[in-house]
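The sequence and the structure are shown first.

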Amino acid sequence: MDTSSWYRQPPSVVPLIDACAVSAVLLGEAGIGKSSALNTVFEATQVSRGWDAQVRVDLGQVRSWEDLTRKADAVLSRLGPRGHAPTASSSDAEAGHAHLLVLDGVDECRATGKEIAGWFTDLAAIYDCRRLQVLIACRSMAYTDVLSQAVIAAFGIDESRTYTLAPLRRSDLVAAASAKGVDPKLFLEAVTDAGAQALARTPLTLDLLLDTFLEHSTLPASRASLYAFALPHAVMHQGHDRAPDDLAGSQPQRFTTAARLACYCVLTGAEGITTRRRTEPGLALLAIDTFLGTQEGTPGDTFTIERPIVEGVLNSSLFSNRGPAAAGPAHASIASYLAARYLTNHQVPREQLQGLLVHRGEVGEPGIPTDLHELAAWLISLRPELGPWLIEVDPQAIASYSSYIEDPHCTELIVDGLLRQARQDTPGDGLPWWHMAPLRHPGLADQLEQALHEAVNRAPHITHELELILNLIAENEVGELLQAVASIACDAQYPHRLRRLAAQCAGMLDQAEAAPLLKPILAELAQQPEHDPADGLRGAVLQTCQPWLTLDELLAALTPPRTDPSLYTSFCRRLPASLSEDQIAPFLNWAGSHLMDPDSLWAGWSDEAAMVQGLFDRALSGPEAEARVPVVAMWLRIYLQTYPQLAVPAPLCAPLDDPENQHARHLRRTLTRHLINVAQDAEDAFQLAEGWDPHPTRTVRSHFETSVGPEREQRTSLLDAADLAWLVKFEQSLSDEKAPHAWPMLQHVWSMARTTDAGQDTAWSTQGTRVWSQVFAQDLEAIPIDGPRADQLRAQAARRQSRTEPWQGRDEYITTTREFLAHAESGDHDSFVPLCWNLQCDPDTGRFAATELLTDLLSLPGTVILADGYEHRLLAVARRFVTNGLPTDSSWIGTNSLPARPWAAIFAFTALLNDDGEILATLPSGQWQAWAPTLLAFPLTSTAARHIGPRGQLLEMALLHAALQLETTYDALVRRCLCPPHRRRTVPRLRAQTSSRR
């Protein structure tokens, strides 16, 4: 079956475990498996991550801030108060997240979105969340801007870490059918014949489809029909050992009872029903006595609800465990359907339904509470005559579940209601158009055409309604409006954000037809780049037009990214993989003077290296890979001179299921041969052997070869021990001038092969040749015991032995360090600089820890030799240093030299910021002006949030007092970048006062 007919494939798919490796938000429609996904991560990471504490909170059972903190206490009690200075070691502080908080069912919480947003903000304001990983699950339409902004502010989870769960794939359906004992082929054919693809793409409804097909060999086409067909049968399932005839009550009686129980739970907010006569305090459970003895009706019959029927229903698959002697609806979607079915069967009048479903919000506007949205949609599905007034009250609430509604008139009313709401609201009010569900009905094209015509005739800066219309056109694939959509993308009077959205929409409707319509935008942006300051429009147009652009047109449209992440940077990252065979060599030539040039503006893009990596991966893939090796070697030699973090290209890594793959080995040897031939000096030769990333973090995959499995080995070198004999033979064929370029690689390969019999045989066979003396002799030839080589080996052994002995200078180190602290406390603020240096030393070994430049001052290894309460003493001397001290020299700015004094200043400012920031708020303006150049120019060790965040806060504080100094420093840094003294990147040197330890 063609999977493209099932759903629109998202632009990129990320494995669940990878997405949840850090704090993230999971979105998705009802029943798609958000809770199951969180449970999978929760259980999988329990052992692999070794959390200090972890807890999962179902917000559907949370009513207040007190409820939330009580349920999350297992984690929150382990967090310190915000602003508390940690006392753990620096390595522990940087080790990553230690606690996991899973927040499920945001959309099912009885609190409002604003209240939940306030809870998130309060969590971050009260607790130190730096070592807390947070995973949040919510239905897409319920994740409003208000919630999104609160999550960003509280937990740093921005759009790049907000994921929508992908629908099930065909392979998932096949696996699920096989697990149920259903013939996958017959089941998939039945799904297609019934038009039930939308139902098969979510786990909840797929399970019901399989059960229905297994029992009846037919499938209903709509969700309402599926629930009406499957749930009455599910209520009779009570374990494999209980036949339906043994159960209390008939099927209609049990289903009616289930609907009553679910309705009470939904409308009261109860978690479930307890079979005990009294409920326990603190648990939101309904007692079974609430239902016993009441009369209910079924078609042609009335009956009394008795304990055996209730207990039997609670043990059916429609309900799940809620603790000892308690059960609640198995899924919120099932509960809402049962509640709607109950209200429909009793023909509850509109006036009474209004009292149950419609509440007035904070500003007096009527609306439907979040936890009742699905119930309202099911009511419209079952009683379409209720649609007009429910949709008018809250069209957005009903739109969240529009897939439940089959009545075309109601769907048309939903679209009208959303358009009306968009005209009334302003951007940022929280209407998440990007999560819009399909709203197809026969008159949708005419409806949207009219709305689009009216919207474009309003002021061009009023775009909120246009954004909604464009999303509706795209999500519902209204191809008739492609020309009108493309004209908006091409109209420079509209804001760039709206034009980008229109370009995306046009590409989704018909990429081939949209490409020539959008192509003129590239010429416009070449002349007037200010029309697209965030690169979003450029990215959207390139994604649509690329297959129809010549390589010259494509290269002319590529400019250094100005915003990251963006559609454009996403396009750039994926571009190498999409190049055709005849485009790769010219693209390599372009990349050599742009991407690989450290002086190019492209070098400032954080993912420049990833794009280069993708380019080399692509260049060494495909049928012409070997023919491209010479040009790859030419540019690779130049790029390796910049000391990049470049992994061995994926096609050169053997597939995991074929570790001896000869094609990959042949390509590696061919590339090695050419790199040796093009090498110009010893550094080129060294980089060939040692210049590859020793710790590649990516999963090595090749997207261009399909004959073997995609996942490949991780390599840190082009050659390995098995290549020694080949490399020796190749070295023998080289001239005396070229042979030295092969020796570093030979030494590297020999280090891997020296303990193998084959390696020894190969090495001994070279006696008397030039390579013997350069590579093998130092390991295999006897050496005089009184010669310089023997002395060198003895010295190395002595150094190794000394590392295992107690450090003889410990006592002197302790005395000196404590003196530096005492001097700094007595007013000698200059002593703070050698104090910071000494605190990096491990008192047990005398060696300096390889700490990052922004490591927490209060957690350095040397602090263990200070008396209790040292944190306050260090903060006091840090304050004295930034308050009374001044920079002594600024000549280091823009160079590769980093003096100790500005480095100590960064320590001090960061420590004071992490304490509470109040000290820095009282720092005189003169001191801010003096230290501002240091705060801006001193380099970050990485772009990780833990480094960028504090520095950004410090610069914001400095900007209030030292705007001129920051501008001058920034100008100097830019000029230095544009006019560097040399092209090669080097590692900054820290001029340390090594004499400070005496």
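**Overall composition**

The model is predicted, not experimental. It places 47 helices and 15 strands in the protein. Of the 998 residues, 49% are buried.

**The parallel sheet**

Five strands form an open sheet in the order S2-S3-S4-S1-S5, and their pairing is parallel. At the edges stand strand S2 (53–58) and strand S5 (162–164), each of which pairs on one side only. On average, and with direction ignored, neighbouring strands of this sheet are turned by 15° against each other. Within the sheet, strand S3 (residues 99–104) runs parallel to strand S4 (residues 132–139), and 5 bridges link the two. One of the residues involved is leucine 101, whose bridge partner in S4 is valine 134.

**Antiparallel pairs around S11**

Strand S11 (residues 326–329) takes part in antiparallel pairing with strand S6 (residues 272–274) over 2 bridges. It also pairs in the antiparallel sense with strand S10 (residues 319–321), here over 3 bridges. The table lists a residue from each partner strand with the residue it faces in S11.

| Strand paired with S11 | Residue in that strand | Opposite residue in S11 |
|---|---|---|
| S6 | isoleucine 273 | alanine 327 |
| S10 | phenylalanine 319 | proline 329 |

S10 and S11 together make a hairpin, with 4 residues between the strands. In the turn, glycine 323 has a positive phi of about 110°.

**Helix H34**

Which residues of helix H34 (residues 682–690) are buried? They are Asp684, Ala685, Gln687, Leu688 and Ala689. An α-helix has 3.6 residues a turn, so residues three or four places apart point the same way. The cover over the buried residues of H34 includes helix H32 (625–640), helix H33 (662–678) and helix H36 (743–753). At the start of H34, aspartate 681 brings a side-chain oxygen to within 3.2 Å of the backbone nitrogen of glutamate 683.

Two loop residues other than glycine are described here. Glutamate 477 has a positive phi of about 55° and sits in the loop between helix H22 (464–475) and helix H23 (482–490). Aspartate 535 likewise has a positive phi, near 70°, and belongs to the loop between helix H26 (520–527) and helix H27 (536–545). Are these residues buried or exposed, or in between? Glutamate 477 has a relative accessible area of 47%, and is therefore classed as partly exposed, a class that lies between 20% and 50%. Aspartate 535 has a relative accessible area of 0%, so it counts as buried under the 20% limit.

**Cysteines**

The structure holds 0 disulfides. Cysteine 129 has a relative accessible area of 16% and is buried, because that value is under 20%. Cysteine 138 is buried as well, with a relative accessible area of 0%.

Methods. Residues numbered from 1 in each chain as written. Predicted model: local features only at pLDDT ≥ 70, side-chain atom pairs only at ≥ 80, totals over all residues. Heavy atoms only, no water. Buried < 20%, exposed > 50% of the residue type's maximum accessible area, 1.4 Å probe, protein only. Pairing = 2+ DSSP bridges. Axes fitted to C-alpha atoms, helices over the stretch in contact; angles between N-to-C directions. Contact = heavy atoms within 4.5 Å. Polar contact = N/O pair within 3.5 Å; in protein donor to acceptor, adjacent residues only side chain to side chain. Disulfide = S-S within 2.5 Å.
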